[in-house]
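Good morning, colleagues. Please bring up the sequence and the structure, and I shall then take you through the ligand surroundings, a helix pair and the sheet.

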Amino acid sequence: MPLSRKDAMNTANVLSEALPYIQQFAGKTVVIKYGGNAMIDDKLKDSFARDIVMMKLIGINPIVVHGGGPQIGELLEKLAIESHFVNGMRVTDSKTMDVVEMVLGGMVNKDIVGLINRNGGKAIGLTGKDGMLLGARKLKVKHKSPEMSVPEIIDIGHVGEVDHVNTKVLDMLSNSDFIPVIAPIGVGSDGESYNINADLVAGKVAEVLQAEKLILLTNINGLLDKEGNVLTGLTTAQVDALIEDGTIYGGMLPKIDCALSAVKCGVNSAHIIDGRVEHSCILELFTDEGVGTLITNQHRKAQD
Ligand SMILES: Nc1ncnc2c1ncn2[C@@H]1O[C@H](COP(=O)(O)OP(=O)(O)O)[C@@H](O)[C@H]1O
Ligand SMILES: CC(=O)N[C@@H](CCC(=O)OP(=O)(O)O)C(=O)O
């Protein structure tokens, strides 16, 4: 439906004001990690999808990596399969791996693809197995319980880390106007499936594509201290201390880990932001102050 003259004028004013920001990002790659906890309701999901479609329309190259931890948990519970986490990683036996593959590669991936397509984008869903997109190897997890003086390496099953990313697949899709939507399942050298934490996949994809930004959408307004204040501009040593004293735990561990590692490896900035806020990606991109926790290699001052 065409706009009224008044609405067209308002739109033109907003767009011309946004032009410097839009031009600044045109042609740049932005990797967006859409966490399972941020996929709360249909309105927010549509707002997320529209942000992604808008990015593509204005010349940004968005790559979506999604999680789905709570959705996996729900199905495991229905199937009476017990599940637990070590250092924010789900211990994954063969039965659990089947469920992970079903939920991430099937249900969640296709839900997001449908969402973006319904909002006018051209999304293509992939797991790391498609086109050998995510080569993986078994993750060695270092775990230290309070009674131990040194951490031990433990086996948590079919949990992987990204060994290599086949960027050809992503380049081909992005250059043909498609928006890649990636489920965090990797493939090992013998063709075996690996369950990979979605933050780690997003970080690695951002790193190999030398993305402008890595945006991690979650269910909290950033990295918080014990009083609930948003923390930002931290050094690796400060982060280590926050992990040691228990301020950073669970799902925030892989998030911080991948954000620090991505900026160290050439991604311009990483952002941990609240996916429960409407249009949070666009707010992050088009305001000077941004939202949530900002991590750069220069440890710039950021905001709450
Ligand atoms: N210092 C911290 N600041 C903020 N959140 C934290 C912190 N430490 C642990 N968390 C937990 O990490 C969670 C985010 O990780 P996770 O549940 O895995 O989200 P997602 O599904 O988006 O990846 C928060 O909801 C919070 O419970
Ligand atoms: C190894 C590992 O923990 N994999 C995650 C993969 C999904 C994920 O990362 O989902 P969120 O981003 O929504 O937490 C899991 O099984 O839950």
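Let me begin with residue classes: Ala, Val, Leu, Ile, Met, Phe, Trp, Tyr, Cys and Pro count as nonpolar, Asp, Glu, Lys and Arg as charged, and the others, Gly among them, as polar. This is a predicted model, in which local features need pLDDT of at least 70 and side-chain atom pairs count only at pLDDT 80 or more, while totals for chains, interfaces and linings use all residues. Residues are numbered from 1 along each chain as its sequence is written, and chains are lettered from A and ligands numbered from 1 in the order in which they are written.

I turn to the ligands. A residue is near a molecule if its C-beta atom, placed from the backbone, lies within 6 Å of it. Around ligand 1 there are 17 residues, of which G35, T218, L224, G251 and M252 come nearest. By class, that shell has seven nonpolar, ten polar and no charged residues.

Ligand 2 also has 17 residues around it, with G36, G67, G69, R90 and A198 coming nearest. Its shell divides into seven nonpolar, nine polar and one charged. At least two residues of this shell come from each of α3 (69-78) and β4 (89-90); helices (H or I, at least four residues) and strands (E, at least two) are DSSP runs, numbered from the N terminus.

Next, how do α3 and α4 cross? The axes of α3 and helix α4 (residues 94-118) come within 9 Å and cross at roughly 130°. Axes are lines fitted to C-alpha atoms, for helices over the stretch in contact, and angles run from 0 to 180 degrees between N-to-C directions. The contact is made by Q71, I72, L75 and L76 of α3 and T96, V99, V100, V103, M107 and V108 of α4, contact meaning C-beta atoms, placed from the backbone, within 7 Å. This contact has eight nonpolar, two polar and no charged residues.

Finally, the sheet. Seven strands form an open, mixed sheet in the order β5-β10-β2-β1-β13-β14-β15, where strands pair if DSSP finds at least two bridges between them. β5 (123-127) and β15 (293-296) each have a single partner strand, so one side of each is left without a neighbour in the sheet. From one strand to the next, the twist averages 20°. β5 pairs with strand β10 (residues 179-183) in the parallel sense over five bridges, and A123 stands opposite I179 in β10. Helix α8 (residues 252-264) lies across β13, β14 (269-274) and β15, at about 150° to β14.

Technical notes:
Two residues are in contact if their C-beta atoms, placed from the backbone, lie within 7 Å.
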